[in-house]
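Please look over the sequence and the fold below before reading on.

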Amino acid sequence: MDETALRQAVFATLHRIAPEVAPGELAPDRPLRDQVDLDSIDWLNFLLGLHDALGVEIPETDYAALVTLDDLVAYLRARVA
Amino acid sequence: MIEFKLPSLGAEMDEGTLLEWKVKPGDPVRKGDVVAVVDTSKSAIDVEIWDEGTIYELVLGLHETVPVGTVMARLLEPGETPEHAEEEKRKRAAETAAAPLPAAPAPAVAAAAAPGAATEARVRISPAARKRAAELGIAPAQIAGTGPDGTITREDVERAAATKAPPKDRWSEMRRAIAAAMARSKREIPHYYLATDIPLAVASRWLAERNEHRSVTERVLLAVPLLKAVARALVRYPEFNGHFRDGAFVPGAGIHLGVAISLRQGGLIAPAIRDVDALRIDELMHRLADLVARARALTLRSSEMTDATITVTNLGDQGVELVQGVIYPPQVALVGFGKVTARPWVEDGKVVAMPVVTASLAADHRASDGHRGALLLAEIARLLQDPRSLDDAAH
């Protein structure tokens with residue numbers, strides 16, 4: 001999966017949890033959860049959505065490394081087949 | 001014959017609009033079945049029935065707005081014939097019509113106690129007008145009738161439609177419901193407030209170890225042991241779990257935690273998870289995730305809106321450290337948890353960095369005193385130091 005398709009999959013998952021957010025409004029290099037106001041249940045549901053869409057398992061110990069959208073996309077790219 | 005009436009859907013939610021019938025005449029129903037979807041000021045609610053029988057007739061039309069207590073449908077009791085139901089209906093209608101008119105205006109309390117009867121007696125409407133009113137989404141009770149005996153005619157409906165206010169805006173309706181409930185709380189409930197800091201090193205470690213080898217689909221959030229600890233503590237301090245009605249505290253029949261959930265479009269809702277003290281940690285996580293998802297999708301059930309015996313608000317990891325809550329009437333307490341942060345903490349004579357949550361209690365001084373409130377918070381703190389024991393089903 002190329003980066004564009006991956007970003008689209010991430011946005012689609014995010015949209016289901018935070019439908020009011022337009023992808024164009026998000027700064028990819030700024031902390032995602034500050035921009036979108038995701039609480040811990042939203043965050044878990046977001047990861048669940050990514051797990052369903054991409055088959056990637058994100059262990060809890062990796063949460064700290066996933067701050068920005070860029071971080072997340074890079075992380076997923078390394079793991080998506 | 002059973003009359004199925006619009007149930008109460010929470011404090012200060014006094015009317016509902018029928019969006020959908022989930023049953024039709026002839027359908028058998030059992031306790032807990034969802035029979036209709038009703039729109040309230042906060043959300044669309046799946047309305048459950050608590051009787052067993054067969055749907056005989058649907059009284060309420062689509063898009064009609066009626067007060068709580070209005071007859072929505074009639075059911076045949078097990079073994080009852082339609083003829084018997086018709087007879088019952090005639091009898092009840094005659095009783096309503098024959099009720100002597102009070103010499104003075106009836107006290108407001110009596111009117112509130114029997115809103116169904118009052119509404120049915122008041123609205124006279126021709127079948128064609130009723131049909132047209134339903135199509136236009138206007139409640140007959142809101143239309144002035146000009147026909148014989150004040151009967152509402154089709155022309156009256158058309159006139160009402162022409163002058164009708166624009167459709168309700170969900171957001172302003174929700175603000176209105178929150179304003180009414182919270183103003184009532186601050187007007188009627190003498191709140192007192194307590195707070196304490198709880199160290200969470202043990203609970204956090206226990207949870208991290210538990211989650212480490214689990215798939216994201218089975219992971220448990222810290223909110224779950226917090227909820228469980230509150231429920232367990234309430235077993236020992238039952239005067240915080242229940243309702244204040246008619247000048248007295250009525251203990252809750254179970255420990256049903258209302259979970260405050262903020263909605264993305266603004267506003268909040270606090271539906272209940274029942275019998276939290278008896279749920280294992282995994283089951284509670286499952287219920288919480290399901291409840292949050294359905295609250296955000298606005299598909300809650302009527303019992304979830306009224307069952308809560310206490311509310312828990314969890315500011316989560318994006319919030320602040322302390323909440324001083326407003327009690328949701330007729331409940332008598334609210335437990336709040338702030339954001340978990342690393343703070344300096346003295347342990348064995350040394351200052352260490354400790355994950356700490358500030359737990360707070362807002363309680364009704366009519367039902368409890370500060371000393372017992374302090375003991376409740378201390379019990380919650382104690383239970384969280386032994387998280388493994390929180391996973392027991394029995395206690």
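Two bridges join strand 3 of chain B to strand 6 (residues 53–58) of chain B, and these strands run antiparallel; strands here are DSSP runs of E with at least two residues, helices are runs of H or I with at least four, and both are numbered from the N terminus. This is a predicted model, in which local features need pLDDT of at least 70 and side-chain atom pairs count only at pLDDT 80 or more, while totals for chains, interfaces and linings use all residues. Residues are numbered from 1 along each chain as its sequence is written, and chains are lettered from A and ligands numbered from 1 in the order in which they are written.

Within this pairing, B:Pro28 stands opposite B:Thr54 in strand 6 of chain B. Four strands of chain B form an open antiparallel sheet in the order 1-8-6-3, where two strands pair if DSSP finds at least two bridges between them. The edge strands, each pairing on one side only, are listed here.

| Edge strand | Residues |
|---|---|
| Strand 1 of chain B | 2–5 |
| Strand 3 of chain B | 28–29 |

Where the chains meet, 15 residues of chain B are in contact with 15 residues of chain A, contact meaning that C-beta atoms, placed from the backbone, lie within 7 Å. Helix 7 (201–212) and helix 9 (281–296) of chain B each supply at least two residues of the side that touches chain A, and the largest share, three residues, comes from helix 7 of chain B.

Technical notes. Contact = placed C-beta atoms within 7 Å.
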